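Student: Hi! Could you walk me through this one?
Tutor: Happy to. Let's look at it together.

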Amino acid sequence: MPTAVIMPKLGLTMVEGQIIEWRKNEGDRVEKGEIIFVIETEKVTYEVEAPESGLLAKILVPAGETRPIGETLAYIVQPGETLAEELLKAPPREAGAQVQPAPGEPAGVTAPAPTEEKREKIKISPVAKKMAEEHGLDITKITGTGPQGRIVKEDILQALEEARKPTVAPAAPATEAGSPKGRLVKPGGMRRTIARRMSESFQTPHFWMSKSAFAVRLKEARERLLPAVERDTGQRLTYTDLIVKSVARALESFPGVNAYWTAEGIELLEDINVGLATSVQDGLIVPVIRQANLKSIAEITRIRSDLVARGRDGKLGLDELAGSTITITNLGMAGIEYGYPIINPPESSIIGLGAIKERPFVVDGQVAPVLSLNITLGIDHRILDGFIAAQFLNRVVELIEDPLLLL
């Protein structure tokens with residue numbers, strides 16, 4: 001009996017994947033567990049293994065196409081076995097996909113007029129239903145991408161994003177006199193997800209506050225700890241490692257900052273998981289150091305080094321990119337002194353680090369160069385107010401300026 005090769009589900013939030021390449025051609029012999037194709041999800045690139053040994057008889061979906069989870073992409077047969085005619089056709093693209101909107105109509109919308117009978121029959125998650133009611137969305141006009149067509153949170157967010165887009169006239173042809181020339185680049189799954197999540201995030205009421213931290217003792221602590229950490233882990237201790245520990249310890253004193261905004265209310269989180277914004281080819285990922293407050297500085301160094309290295313090679317699992325409760329983005333590595341980063345939803349805050357360098361400060365009545373860095377805290381004002389956020393930022397600065405408090 002032919003074995004179907006399907007688009008796997010790699011995480012709770014995954015709804016589709018893009019096929020990057022097929023490692024095997026039609027007719028090739030494959031062994032169970034052998035890599036046969038590569039997909040890109042919203043967060044990672046993933047190598048998919050053959051579910052059975054045999055011949056790769058038919059590839060239904062070519063590289064470059066995006067398909068929903070559970071869809072059949074190819075078939076593996078045993079020698080001498082043939083495929084039935086009905087199995088040789090690729091499933092229609094509409095399966096699990098959003099219906100293309102008419103001009104000026106939000107994505108995911110279908111034609112039928114809303115009725116109470118229809119609403120009762122529609123499958124929708126409790127969170128999605130509450131969000132739809134809060135924003136006045138007609139759920140009869142939204143196509144669900146969850147199991148058996150169930151409308152999920154992602155569908156509501158997509159409908160809201162599309163509804164916010166202004167209706168504009170088509171752009172003038174590039175060949176028209178005075179029009180700039182260019183080329184269209186179709187974004188991959190990661191870039192599309194970044195665009196969607198950042199659009200979602202920027203709808204929340206952000207505010208930012210910044211403060212300078214003296215980094216003289218931070219530098220001394222790194223220099224003293226570096227040989228021991230390198231001996232124990234084989235990795236070099238960075239300023240980021242010490243700051244990760246500082247932020248995690250500060251969250252212990254301010255549990256209200258370690259929170260998510262949800263449709264049901266504010267969720268206070270028990271674990272303190274620090275995400276590190278990391279640049280990769282064509283995108284950005286946020287690998288997570290879990291329970292960073294309970295880990296030693298050497299453990300943080302080892303974990304950070306491993307996550308970043310594997311993340312840039314596209315070898316992280318989805319579980320290593322989920323569950324952060326606060327994110328740190330180090331803009332200082334690019335020489336930036338100030339930055340105002342956007343919160344990584346559903347987190348309540350994000351920290352942007354500036355470059356560590358000497359700056360003029362008044363010390364004992366005299367202007368003198370002092371090693372320092374600027375720290376910017378971005379806050380979701382639905383969760384936190386300015387005074388608590390300021391106290392939290394002050395605690396982070398205190399720990400950075402006196403790293404002995406971390407030991």
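**Around helix α7**

Student: Which residues of α7 are buried?
Tutor: The buried ones are Ile297, Ile300, Thr301, Ile303, Arg304, Ser305, Leu307, Val308 and Gly311. Buried means under 20% relative accessible area, exposed means over 50%, and partly exposed is in between, using a 1.4 Å probe and protein chains only. Helices (H or I, at least four residues) and strands (E, at least two) are DSSP runs, numbered from the N terminus.

Student: What do I need to know about the model itself?
Tutor: This is a predicted model: local features need pLDDT of at least 70, side-chain atom pairs count only at pLDDT 80 or more, and totals for chains, interfaces and linings use all residues. Residues are numbered from 1 along each chain as its sequence is written, and side-chain values use heavy atoms, with hydrogens and water left out.

Student: Okay, back to α7. What covers its buried residues?
Tutor: The cover includes the helices α5 (216-233) and α6 (239-253). It also includes the strands β12 (274-276), β13 (278-280), β14 (283-285) and β15 (288-289). Contact here means heavy atoms within 4.5 Å.

Student: How far apart are the end C-alpha atoms of α7?
Tutor: They are 22 Å apart, which agrees with the 22 Å that its 16 residues (297-312) should span at 1.5 Å a residue. The expected span is 1.5 Å times one less than the number of residues.

Student: And what follows α7?
Tutor: Gly314 does, and its phi is positive, near 70 degrees.

Student: What about α6, how many of its residues are buried?
Tutor: 11 of the 15 residues of α6 are buried, so this helix is largely enclosed by the rest of the structure. Among them are Leu242, Ile243, Val244 and Val247, and also Asp241 and Lys245.

Student: Let's zoom out. How many helices and strands does the protein have?
Tutor: It has eight helices and 19 strands. Buried residues make up 42% of its 407 residues. Among contacts between residues at least 6 apart in sequence, 63% join residues at least 24 apart.

Student: Now Ser125. Where does it lie?
Tutor: Ser125 is in the loop between α1 (116-121) and α2 (126-135).

Student: Buried or exposed?
Tutor: Ser125 counts as buried, at 12% relative accessibility. Leaving out residues up to four places away in sequence, Ser125 touches Arg150, Ile151, Val152 and Lys153. The C-alpha atoms of Ser125 and Gly146 are separated by 9.1 Å, and these residues are 21 apart along the chain.

Student: Which loop holds Gln291?
Tutor: Gln291 sits in the loop between β15 and α7. Its phi is near 50 degrees, a positive value in a residue other than glycine. Gln291 is partly exposed, with a relative accessible area of 32%.

Student: And what is phi of Asp364 near?
Tutor: Phi of Asp364 is near 55 degrees, again positive in a residue other than glycine. Asp364 is in the loop between β18 (357-363) and β19 (366-380), and is exposed, with a relative accessible area of 77%.

Student: One last thing: which peptide bond is cis?
Tutor: The bond from Pro345 to Pro346 is cis, with omega near 10 degrees. Pro346 is in the loop between β16 (326-330) and β17 (349-353).
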